[in-house]
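Biologist: I would be grateful for a close look at a single part of this model, followed by a connected account.

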Amino acid sequence: MISGDIAFSGIKEEYDLIKPILIKIAESAKIILCPGNHDHDFSNDSKTRLAMLKTPLEDIEDDLIEFVTKGQAKYFDFESVICSLQPSEESNLSKLYDVSDKVNIQTLNTAWCSTLKEKGVTLKLPIDKILTPKDEKINILFFHHPLSWFEPNNQKEIRNY
């Protein structure tokens with residue numbers, strides 16, 4: 001499990017440097033990735049995207065998430081080549097992997113709302129966008145940012161989830 005910041009600025013050339021190494025590792029190990037804030041290309045960030053990030057949690061819809069995560073396109077391309085398992089369910093914010101008869105692993109894209117000059121307690125993740133495992137397995141959840149980087153009420157919701 002690799003929890004993000006594979007690149008420095010989310011550009012293809014950075015992923016191309018590490019790709020051969022991870023492809024070699026994937027020959028003998030299962031690899032699951034989730035993005036970090038450095039896996040976001042902010043070179044074309046817009047005022048529209050930054051304004052959209054101010055949307056209240058309860059009003060965040062899939063089209064907003066799709067627009068805001070466009071800067072992670074090169075990461076998503078890289079992930080599709082490197083990840084050795086296919087998710088059983090996925091969205092731009094969460095992927096659920098059926099690893100065995102006893103274990104699910106779920107990733108969260110906590111970097112979806114990252115900004116270039118990120119500050120603690122500013123991140124948010126809509127709980128209703130997290131996929132829910134449908135079986136009685138051990139469920140492992142992992143993501144890039146520490147909970148302390150999330151808005152306090154949202155931090156509590158994520159922790160309780």
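Where is the place of S46, and how do helix α1 and helix α4 pack?

Modeller: The model is predicted, so local features need pLDDT of at least 70 and side-chain atom pairs count only at pLDDT 80 or more, while totals for chains, interfaces and linings use all residues. Residues are numbered from 1 along each chain as its sequence is written, and side-chain values use heavy atoms, with hydrogens and water left out.

S46 lies in the loop between α1 and α2 (47–52); helices here are DSSP runs of H or I with at least four residues, numbered from the N terminus. S46 is partly exposed, at a relative accessible area of 27% (between the limits of under 20% for buried and over 50% for exposed, with a 1.4 Å probe and protein chains only). Its C-alpha atom is separated by 19 Å from that of G36, 10 residues apart along the chain.

As for the helices, α1 (residues 12–26) and α4 (residues 73–82) pack at an angle of about 15 degrees, their axes being 10 Å apart (axes are lines fitted to C-alpha atoms over the stretch in contact, and angles run from 0 to 180 degrees between N-to-C directions). That makes α1 roughly parallel to α4, a term for angles under 35 degrees. The contact (heavy atoms within 4.5 Å) involves K12, Y15, I18, K19, L22, I23 and A26 of α1, together with K74, Y75, F78, V81 and I82 of α4.

Y15, Y75, F76 and F78 form one aromatic cluster, where rings of Phe, Tyr and Trp (its six-membered ring) pair if their centres lie within 6.5 Å.

Methods: Helix = DSSP H or I, 4+ residues; strand = E, 2+ residues; numbered from the N terminus. Parallel < 35°, antiparallel > 145°, perpendicular 65-115°, else oblique. Phe/Tyr/Trp six-rings, centres within 6.5 Å; stacked < 30°, edge-to-face > 60°.
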